[in-house]
Amino acid sequence: MIKARRAAAARRSLPFGIGTEGTWISPTTMASRPIVHLLIACGILAATMSLNQNSRFSNQLFDNQFNRGLQQFSPKRGQSASCPEKNGRFPVQNQCDAYIECIDGIAEEKLCPEGLFFNPEARFNYPCGYPIDIDCTGRPNLQPANPSNDCPHQYGYFKIGDHQHCGQFMNCVDGRGYVFDCPEGLAFNPQTYRCDWPDQVPDCDAETFLGFRCPEVRNDFFLDAEIKFYRSPADCHHYYICVNGRPRLQNCGIGNAFNELIDTCDAAENVTGW
């Protein structure tokens, strides 16, 4: 009991600035602590206000840039365009490669890629197609041609060569040309975009292209003069069918040859005369 009272008295008698652990704390340090705490609190408040201001400025700057971007990339709407229906695609009067796209009653006039035409029947598919598939009656005008180094138009199929060289064509995509060969003996038909018999292609000289001319055949009541078979003078694997006096090249394939005795392909060992 006496020891406890002495310890309490000793603590009350400690000099100002002595901690309970015996460490020295100066009066100046003790007095400056509230000031330091106040300065720290003011600094935190100022930093918070600055961050909030910077955040508002950054958001405002982003919004302004975003809005400018929307204005820059927003589609141009034709002043004279109108919507027959609230949604859909509709032809432009007098122009075959233009159309009006309506979304929620807002009309936007658009152009097909150069070389393609608008197809009014394409309700849900891509609205532009190749000229052979689209009727432009009443819509004769087109945008100006935009040829490239390879192609006469940006899109389309085009014949390569003249009337004596009919077996190649070019597919143009975005102004780049890709060359293709028709299967052997066939010629590209620009009216159908297909490889066809040369005698069915108006601007192809079938005889010069194939290197064969059908012999003249005397009409006979008992003989069919419309279709005749002839072996190729170049090799035994090929032969020609003459239809109405025009040649068409055929290939018997590997291991076979044209047999004139039966007018058809046969095993090569059964064919003589070569």
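What is the volume of the largest pocket? The largest pocket has a volume of about 160 Å³, and the legends below describe its lining together with the strands of this predicted model.

Residues are numbered from 1 along each chain as its sequence is written. Because the model is predicted, local features need pLDDT of at least 70 and side-chain atom pairs count only at pLDDT 80 or more, whereas totals for chains, interfaces and linings use all residues; side-chain values use heavy atoms, with hydrogens and water left out.

**Figure 1. Confidence along the protein chain.** The mean pLDDT of the protein chain is 78, and 68% of its residues reach 70 or more; pLDDT is the predictor's confidence in each residue, from 0 to 100. Over residues 1–79, pLDDT stays under 50. For residues 1–79 the model has 16 contacts beyond four places in sequence, a contact being heavy atoms within 4.5 Å.

**Figure 2. The open sheet of β1, β2 and β3.** Three strands make up this open sheet, in the order β1-β2-β3 and with antiparallel pairing. At its edges are β1 (88–92) and β3 (106–111), each of which pairs on one side only. From one strand to the next, the twist averages 30°; axes are lines fitted to C-alpha atoms, for helices over the stretch in contact, and angles run from 0 to 180 degrees between N-to-C directions. Strands (E, at least two residues) and helices (H or I, at least four) are DSSP runs, numbered from the N terminus, and two strands pair if DSSP finds at least two bridges between them.

**Figure 3. Pairing of β2 with its two partners.** β1 and β2 are paired in the antiparallel sense over 5 bridges, and I100 in β2 is the bridge partner of F90. The hairpin of β1 and β2 has 2 residues between the strands, and N94 takes a positive phi near 75° there. Strand β2 (residues 95–103) is also joined to β3, by 6 bridges in an antiparallel arrangement. C102 stands opposite A107 in β3.

Figure 4. On a 1 Å grid over the protein atoms alone, a pocket is an open set of points with protein on both sides within 12 Å along at least five of seven lines, whereas a cavity is a set of points where a 1.4 Å probe fits but cannot get out. Lining residues have an atom within 4 Å of a point. Grid points are joined across faces, edges and corners, and a volume is the space filled by probe spheres set on the points. The largest pocket is lined by 14 residues, and E114, G115, F117, P131 and H153 lie nearest its centre. The lining divides into 8 nonpolar, 4 polar and 2 charged residues; Ala, Val, Leu, Ile, Met, Phe, Trp, Tyr, Cys and Pro count as nonpolar, Asp, Glu, Lys and Arg as charged, and the others, Gly among them, as polar. Strand β6 (residues 156–160) contributes the largest share of this lining, 3 residues.

**Figure 5. Strands β6, β7 and β8.** β6 is joined to strand β7 (residues 168–173) by 5 bridges, and the two run antiparallel. K159 stands opposite F169 in β7, and F169 in turn stands opposite F180 in β8. Between β7 and strand β8 (residues 176–181), which run antiparallel, there are 6 bridges. In the hairpin of β7 and β8, with 2 residues between the strands, D174 takes a positive phi near 55°.
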